[in-house]
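Here is a short report on one protein chain. Please keep the sequence and the 3D view open while reading.

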Amino acid sequence: MPSDARTIRFDPITHRYWTGVRELVSVTTVLRDAGLVDPTWYTEASRARGTALHRATAALDRGAPLAIVDLALEPYVAAYAAFRHDARPVWHGIDDSVADVRLGYAGTRDRWGTLHGDAAVVDLTTGPVPPWAPLQLVGYARLDLDDHRGLRRRRLVVQLLLTGRYTVREYPLVNFGRDERVFLAALAVAQWKRAASGRA
């Protein structure tokens with residue numbers, strides 16, 4: 001069974017995952033350690049904004065009261081509400097942490113479920129869509145709680161804009177297998193580096 005949310009622990013402050021005493025490498029760390037992500041892309045300000053925005057959009061999805069402390073987030077939340085209205089997603093998971101214990105990696109998917117009946121994994125962003133996004137999404141798509149081996153999920157990045165609008169970048173299903181091979185190669189490189197440095 002590739003994924004198992006029940007056996008993993010996630011520390012949201014350090015963004016690290018464990019199963020028992022074994023640390024699992026995160027999807028983002030896989031891509032960073034393989035040299036595919038520039039770590040300067042992340043700043044403390046972008047992390048804080050992302051955390052607050054994820055809380056607000058998750059509350060919207062769950063029908064919970066919205067308490068937006070930072071008024072600067074309002075346009076982004078409005079953009080997400082517009083996406084929901086237009087796409088009519090059926091979410092099966094919202095900010096859920098899952099792992100492939102056998103392969104030793106884990107991640108927290110922003111959203112996964114169906115769009116117009118098609119299986120999909122969705123990432124939300126307020127910044128530019130990074131070039132490594134299809135690899136990140138294929139890593140998340142493999143963490144399938146329903147264990148549908150071989151299922152190729154739609155992969156989308158929803159870019160929430162300051163104007164209250166959104167754009168969608170979808171990666172072709174025909175590239176799923178190629179991107180999966182690249183991600184698994186990156187995973188092997190990241191794990192090798194961890195073992196060589198004594199971190200695994």
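His 15 counts as partly exposed because its relative accessibility is 34%; the term covers the range between buried, under 20% relative accessible area, and exposed, over 50% (1.4 Å probe, protein chains only). His 15 sits in the loop between strand E1 (9-11) and strand E2 (16-19). Its phi is near 55°, a positive value in a residue other than glycine. Most residues other than glycine have a negative phi.

Asp 95 also has a positive phi, near 50°, and is not a glycine. Asp 95 lies in strand E4 (residues 90-100). At 26% relative accessibility, Asp 95 counts as partly exposed.

## Basis of the model

This is a predicted model, in which local features need pLDDT of at least 70, side-chain atom pairs count only at pLDDT 80 or more, and totals for chains, interfaces and linings use all residues. Residues are numbered from 1 along each chain as its sequence is written, and side-chain values use heavy atoms, leaving out hydrogens and water.

## Overall layout

The protein chain has 5 helices and 8 strands. Helices (H or I, at least four residues) and strands (E, at least two) are DSSP runs, numbered from the N terminus. From that end, the order is β-β-β-α-α-α-β-β-β-α-β-β-α.

Buried residues make up 45% of the 200 residues in the protein chain. Take the contacts (heavy atoms within 4.5 Å) between residues at least 6 apart in sequence: 61% of them join residues at least 24 apart.

## A polar pair at Ser 97

Ser 97 is another residue of strand E4. Ser 97 counts as buried, because its relative accessibility is 18%. Its side chain makes a polar contact of 2.7 Å with the side chain of Thr 108. A polar contact is a pair of N or O atoms within 3.5 Å; within protein, one must be able to donate a hydrogen and the other to accept it, and residues adjacent in sequence count only if both atoms are side-chain atoms.

## Helix H4, enclosed

How many residues of helix H4 (residues 133-141) are buried? The count is 9 of the 9, so H4 is largely enclosed by the rest of the structure. Among them are Leu 135, Gln 136 and Tyr 140. The buried residues of H4 pack against helix H1 (27-33), strand E5 (105-115), strand E6 (118-125), strand E7 (154-160), strand E8 (166-171) and helix H5 (176-196).

H4 and H5 pack at an angle of about 90°, with their axes 9 Å apart. Axes are lines fitted to C-alpha atoms, for helices over the stretch in contact, and angles run from 0 to 180 degrees between N-to-C directions. The two helices, H4 and H5, are therefore roughly perpendicular, a term for angles of 65 to 115 degrees. Pro 134, Leu 135, Val 138, Gly 139 and Ala 141 in H4 meet Phe 176, Asp 179, Glu 180, Val 182 and Phe 183 in H5.

## Nonpolar cores

A nonpolar core is a set of buried Ala, Val, Leu, Ile, Met, Phe, Trp, Tyr and Cys residues joined through side-chain atoms within 4.5 Å. The largest has 23 residues; Val 30, Leu 31, Tyr 105, Val 121, Leu 137 and Phe 183 touch the most other members. H1, E5, H4 and H5 are the elements that give two or more residues to this core. H4 supplies the largest share, 6 residues.

A second, separate core of 19 residues includes Leu 53, Tyr 76, Tyr 80 and Val 122.

Conventions: Angles under 35 degrees count as roughly parallel, over 145 as roughly antiparallel, 65 to 115 as roughly perpendicular and the rest as oblique.
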